[in-house]
Amino acid sequence: EYREWLFLECVGFIHAPINGMGKEVGGINANQTVARESTFSVVWSHTHRREMIERAKFGIGNAIQTYNTGSFMPQGYLKQYAGLAMTGWTYGCSELTLRDGQIESARYWSERELIERYA
């Protein structure tokens with residue numbers, strides 16, 4: 001459900017993390033905000049821009065990752081609400097390896113690559 005967390009291998013999945021004001025995290029530095037505020041690794045996609053961050057936390061061996069997955073829409077497609085804004089949207093899907101609360105690896109497949117390989 002929208003605004004609800006799903007946990008797989010102790011990694012949290014959500015469309016958009018919700019900030020202290022009850023609003024979706026967004027904007028140009030959104031993934032930095034998610035990495036700074038999170039206490040567990042997070043996979044999300046609200047900004048449609050693919051980006052992975054690893055952030056050390058206090059304690060020996062403590063770190064979290066945030067992975068903003070991008071979007072799985074046709075290459076170049078823009079939702080009407082985007083208007084003429086700079087988007088930087090990423091088109092494709094990600095294959096993740098999760099282990100012990102960590103995003104151990106992420107393989108990204110662009111929409112074009114998937115079409116060439118499987119169409």
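**Rings, charges and a serine**

Reply: Happy to. This is a predicted model, and the structure holds three aromatic pairs.

Me: Take Phe7 and Phe40: how are their rings arranged, and how far apart are the centres?

Reply: The ring centres of Phe7 and Phe40 are 5.1 Å apart and the planes stand at 65°, so this pair is edge-to-face. The cut-off for that label is planes over 60 degrees apart.

Me: And where do those two sit along the chain?

Reply: Phe7 belongs to strand 1 (residues 6-8), while Phe40 is in the loop between helix 1 and strand 3, so the pair ties together parts that are 33 residues apart in sequence.

Me: Which residues make up the aromatic cluster?

Reply: Trp5, Phe7 and Phe40 form one cluster.

Me: How accessible is Phe7? And what about Phe40?

Reply: Phe7 has a relative accessible area of 43%, which makes it partly exposed. Phe40 is partly exposed too, with 25%. Buried would need a value under 20%.

Me: Is Ser38 buried or exposed?

Reply: Buried: the relative accessible area of Ser38 is 13%, and the limit for buried is under 20%.

Me: What does the side chain of Ser38 reach?

Reply: The backbone oxygen of Val34, at 2.6 Å.

Me: Which residues is Ser38 in contact with, if I skip the neighbours within four places in sequence?

Reply: With those neighbours left aside, Ser38 is in contact with Lys57 and Ile64.

Me: Nice. Changing topic: how many salt bridges are there?

Reply: The count comes to three salt bridges. As background, side chains of opposite charge can pair when their charged atoms come close.

Me: What joins Arg36 and Glu37?

Reply: Their side chains meet in a salt bridge, with 3.0 Å from N to O. Arg36 is exposed, at a relative accessible area of 52%, and Glu37 is exposed as well, at 53%. Exposed means over 50%.

Me: What about Glu104, which residue does its side chain meet?

Reply: That one is Arg99: the two side chains form a salt bridge at 2.6 Å, N to O. Glu104 is partly exposed, with 46% relative accessible area, and Arg99 is partly exposed at 41%.

Me: And Arg107, what's the partner there?

Reply: Glu113, in a salt bridge of 3.1 Å, N to O. Arg107 has a relative accessible area of 33% and is partly exposed. Glu113, at 24%, counts as partly exposed too.

Me: Whose face does Arg50 lie over?

Reply: The face of Tyr108, at 3.9 Å from the ring centre.

Me: Now some backbone. What is phi for Arg3?

Reply: Near 70°, a positive value in a residue other than glycine. Arg3 is placed in the segment before strand 1 and is partly exposed, with a relative accessible area of 42%.

Me: And what about phi at Glu9?

Reply: Phi is positive there too, about 55°, although Glu9 is not a glycine. Glu9 is in the loop between strand 1 and strand 2.

Me: How far apart are Glu37 and Arg3, in sequence and in space?

Reply: They are 34 residues apart in sequence and 17 Å apart in space, C-alpha to C-alpha. Glu37 is found in helix 1, whereas Arg3 is in the segment before strand 1.

Me: Where is confidence lowest and where is it highest?

Reply: Confidence is lowest in helix 2 (residues 111-118), at a mean of 90, and highest in strand 2 (residues 11-13), at 98.

Methods:
Residues are numbered from 1 along each chain as its sequence is written. This is a predicted model: local features need pLDDT of at least 70, side-chain atom pairs count only at pLDDT 80 or more; totals for chains, interfaces and linings use all residues. Side-chain values use heavy atoms; hydrogens and water are left out. Buried means under 20% relative accessible area, exposed over 50%, partly exposed in between (1.4 Å probe, protein chains only). A polar contact is a pair of N or O atoms within 3.5 Å; within protein, one must be able to donate a hydrogen and the other to accept it, and residues adjacent in sequence count only if both atoms are side-chain atoms. Contact means heavy atoms within 4.5 Å. pLDDT is the predictor's confidence in each residue, from 0 to 100. Helices (H or I, at least four residues) and strands (E, at least two) are DSSP runs, numbered from the N terminus. A salt bridge is a side-chain nitrogen of Lys or Arg within 4 Å of a carboxyl oxygen of Asp or Glu. Rings of Phe, Tyr and Trp (its six-membered ring) pair if their centres lie within 6.5 Å; planes under 30 degrees apart count as stacked, over 60 as edge-to-face and the rest as tilted. A charge sits over a ring if NZ of Lys or CZ of Arg is within 6 Å of the ring centre and within 35 degrees of the ring normal.
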